[in-house]
Amino acid sequence: MTMFIKGVLGVVASFAFALPALAAEPATAEEASALVKRGVAFVKANGKDKLLAEVGNSKGQFVSGDLYLSVWDAKATVLAHGANPKMVGKNIIDLKDADDKYFMKEIVAKAASPGSGWVDYKWVNPVTKQLQAKSAYIEKVDDIILSAGYYKK
């Protein structure tokens, strides 16, 4: 086999492996808010412990591509995280984005009143590994805050 053919086969093979990643469409605002609402319905039907276990399951119903659910208490301690289980147990109230915005303080304040809404910040997309503008939808249920965000194009 000539070097040219080997090179062409290598390029074709690399595209074949990349196609599944390219095929996944980025999440939308509607999908992010719908995921939070599914989480709210799940916790009301099954309780907090089952929600936290399901959110922490990287193959579960609350993780899909760049869309995942996160759950915090009212002081911004991570209770479950769909993309990064190492965050569980950490208080992130002083977490800042790339523009030095204390977005978690805004999330906690919004969860306290009116109890739901959108918060914008910049974050690294776990799929692309690139810093991107992100908008997260949050809802408070009892003593927990559920959130899912989408990366803006």
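Which side chains meet in a salt bridge with an N to O distance of 3.9 Å? They are the side chains of K96 and D100; a salt bridge here is a side-chain nitrogen of Lys or Arg within 4 Å of a carboxyl oxygen of Asp or Glu. The structure is a predicted model, in which local features need pLDDT of at least 70 and side-chain atom pairs count only at pLDDT 80 or more, while totals for chains, interfaces and linings use all residues. Residues are numbered from 1 along each chain as its sequence is written, and side-chain values use heavy atoms, with hydrogens and water left out.

**Confidence of the model**

- The chain has a mean pLDDT of 86, and 84% of its residues reach 70 or more; pLDDT is the predictor's confidence in each residue, from 0 to 100.
- Over residues 2-23, pLDDT stays under 50, and the model has two contacts beyond four places in sequence for this stretch. A contact means heavy atoms within 4.5 Å.
- Where pLDDT is low, predicted coordinates should not be read in detail.

**Overall architecture**

- The secondary structure comes to four helices and six strands. Helices (H or I, at least four residues) and strands (E, at least two) are DSSP runs, numbered from the N terminus.
- Along the sequence, these elements follow the pattern α-α-α-β-β-β-α-β-β-β.
- Of the 153 residues of the chain, 38% count as buried. Buried means under 20% relative accessible area, exposed means over 50%, and partly exposed lies in between (1.4 Å probe, protein chains only).
- The accessible surface of the chain comes to about 8800 Å², of which 60% belongs to carbon and sulfur atoms. Accessible areas come from the Shrake-Rupley method with a 1.4 Å probe; for residues, only the protein chains shown count as cover.
- Among contacts in the chain with a separation of 6 or more, 45% are accounted for by residues 24 or more positions apart.

**Helix α4 and its cover**

- Helix α4 spans residues 103-112, and its buried residues are F103, M104, I107, V108 and A111.
- Seen down the axis of α4, these buried residues fall within an arc of 140°, so they line one face of the helix. The arc is that of the directions from the helix axis to the C-beta atoms.
- The cover over the buried residues of α4 includes β2 (67-73), β4 (116-124), β5 (131-141) and β6 (144-151).

**The β4-β5 hairpin**

- Strands β4 and β5 run antiparallel and are joined by nine bridges; two strands pair if DSSP finds at least two bridges between them.
- The two strands form a hairpin with six residues between them, and K129 in the turn has a positive phi of about 65°.
- Across this pairing, W118 stands opposite Y137 in β5.

**Salt bridges**

- The count of salt bridges comes to seven. Side chains of opposite charge can pair when their charged atoms come close.
- D94 forms a salt bridge with K105, with the closest N and O atoms 3.4 Å apart. This pair links distant parts of the chain, eleven residues apart: D94 lies in the loop between β3 (78-81) and α4, and K105 lies in helix α4.
- D94 is exposed, with a relative accessible area of 52%, whereas K105 is partly exposed at 37% relative accessibility.
- D120 is partly exposed, with a relative accessible area of 37%, and K152 is partly exposed at 31% relative accessibility.
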